[in-house]
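Keep the view open while reading.

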Amino acid sequence: MQLLPAHPMKIGVLTFHRCINYGSYWQARLLVEALRAAGHRAVLLDHGSPRIDRAEWRCALRPVLPTPVPPADRRLYAQKTRKFFASFDSLPCSRRFPLEHPEQMDDFDAVVVGSDEVWNLSHPWYGHSAIFFGERVRARRLVAYAASFGNHAAERGLPPDRARLLSRFDTLSVRDTNSRALLKTLGLHAELVLDPCLQFAPEPCEPRKATGARHVAVYGHNFSSTFAARMREWARKRNVRLVSIGYRNDWADTQWITAGPEDFMRVMANADAVATNFFHGCVFALRNRKPFLCEPSPYRSIKIQELLSMLGAQEHLADAGMPAAHCDARLFETPSPSIEARIAKMRIASAAYLDHALRQDLESPAPERARA
């Protein structure tokens with residue numbers, strides 16, 4: 001669903017655009033590209049922090065911890081990281097500024113915060129960055145699109161200073177009901193919208209023919225032994241290869257650790273099915289109308305369960321007691337028409353929200369004073 005052409009605005013997108021993470025990369029890229037396609041002068045706000053760079057790169061070389069990472073795999077993860085660096089260089093970015101000093105950014109007509117877990121206070125290195133709550137952002141309008149509190153549950157609330165910052169947003173939207181509920185406790189209304197990777201997708205592909213899968217894309221890490229054994233047995237019986245993308249999963253037939261962002265996009269589009277425990281594993285399976293099975297992990301349980309509940313796709317969640325026949329169906333049949341209908345309806349609503357948010361009157365205080 002594309003945005004409507006609009007009066008060109010200078011827009012900054014504020015998100016985690018330099019994370020070594022396929023979902024973070026693609027949601028940033030797809031959102032800024034959609035805004036540019038609508039005629040806006042949109043760029044990603046290129047915040048920088050040596051502290052965060054070091055944390056991100058250390059994690060990139062050991063992404064499956066607490067599972068030990070052998071030295072040979074570190075070399076492969078380094079190759080993957082260099083591919084991300086090359087992809088980052090092609091993104092439309094603003095002039096670089098220090099994360100801790102957002103007042104040094106350029107002035108913008110509007111700043112769109114999101115998608116991603118930009119408000120997750122538990123994020124290991126972005127959790128204390130007030131810029132994502134709008135502090136000292138130089139914009140006449142402040143808009144949230146598909147933002148999330150991640151695994152920060154609504155009942156935990158927010159510190160008063162963060163709540164006060166969010167109250168200054170002109171419009172708010174989130175990608176999960178947990179985030180919506182938290183904002184509601186603050187007296188703030190937020191629309192429920194789709195993640196950019198599901199919102200800004202091409203026309204649905206033709207339904208997959210029932211000819212048997214050739215390979216399954218395995219996306220995630222530290223799956224349970226039960227899930228791994230089930231997938232191995234399922235693949236063995238059907239002579240299907242399991243291809244692990246971006247991470248080592250020894251139970252898969254092929255390890256494609258060095259896959260870059262563009263590789264990931266292609267392999268997810270061409271896979272016959274997806275096995276995942278990541279939020280964006282589900283998103284890209286739905287984007288490409290692929291059969292999929294998801295085992296929620298503790299860190300990602302809120303956003304995975306809420307995404308699938310919002311779309312009526314809970315049957316794609318895996319648990320130890322799930323009958324084998326049910327697993328077979330989820331890995332062989334494309335998502336049901338009812339799921340497709342909900343996605344289509346939400347695409348319309350999500351585009352309408354963003355169009356409306358960016359068409360509002362721009363009369364407001366000067367950028368230096370608006371978000372102090």
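Q: How many helices and how many strands are there in the protein?
A: This is a predicted model. Its secondary structure includes both kinds of element, and the counts are 13 helices and 13 strands.

Q: What is the radius of gyration of the protein, and what does the globule rule give for 372 residues?
A: The globule rule gives 21 Å for 372 residues. The protein comes close to that, so it is as compact as a globular protein of that length. Its radius of gyration is 20 Å.

Q: What share of the residues of the protein count as buried?
A: Buried means under 20% relative accessible area. Of the 372 residues, the share that counts as buried is 59%.

Q: Which side chain of opposite charge is nearest to Glu 56?
A: Glu 56 sits in helix α2, residues 50-61. Glu 56 is buried, yet has no salt bridge. A salt bridge needs a nitrogen within 4 Å of a carboxyl oxygen. The nearest side chain of opposite charge is 9.0 Å away, and it is Lys 80.

Q: Which residues does Glu 56 contact, leaving aside neighbours within four places in sequence?
A: Contact means heavy atoms within 4.5 Å. With those neighbours set aside, Glu 56 touches Arg 18, Cys 19, Ile 20 and Trp 125.

Q: Is Arg 300 buried or exposed?
A: Arg 300 lies in the loop between β13 and α10. Its contacts beyond four places in sequence are His 221, Asn 277, Phe 278 and Phe 279. Its relative accessibility is 18%, so Arg 300 counts as buried.

Q: Where is Pro 66 found?
A: The peptide bond from Leu 65 to Pro 66 is cis, with omega near 15 degrees. Most peptide bonds are trans. Pro 66 is found in the loop between α2 and α3.

Q: What is omega for the peptide bond that joins Gly 114 and Ser 115?
A: Ser 115 lies in the loop between β5 and β6. The bond joining Gly 114 and Ser 115 is cis, and omega is about 5 degrees.

Q: What is the relative accessible area of Asp 116?
A: Asp 116 is in the loop between β5 and β6. Asp 116 is not a glycine, but has a positive phi of about 90 degrees. Most residues other than glycine have a negative phi. Asp 116 is buried, with a relative accessible area of 8%.

Q: What is phi for Arg 136?
A: Arg 136 is placed in the loop between β5 and β6. At 30% relative accessibility, Arg 136 counts as partly exposed. Although Arg 136 is not a glycine, its phi is positive, at about 60 degrees.

Definitions and conventions
Residues are numbered from 1 along each chain as its sequence is written. This is a predicted model: local features need pLDDT of at least 70, side-chain atom pairs count only at pLDDT 80 or more; totals for chains, interfaces and linings use all residues. Side-chain values use heavy atoms; hydrogens and water are left out. Helices (H or I, at least four residues) and strands (E, at least two) are DSSP runs, numbered from the N terminus. Buried means under 20% relative accessible area, exposed over 50%, partly exposed in between (1.4 Å probe, protein chains only). Lys and Arg count as positive and Asp and Glu as negative; His and the chain ends are not counted. The radius of gyration is taken over C-alpha atoms; the globule rule is 2.2 Å times the number of residues to the power 0.38.
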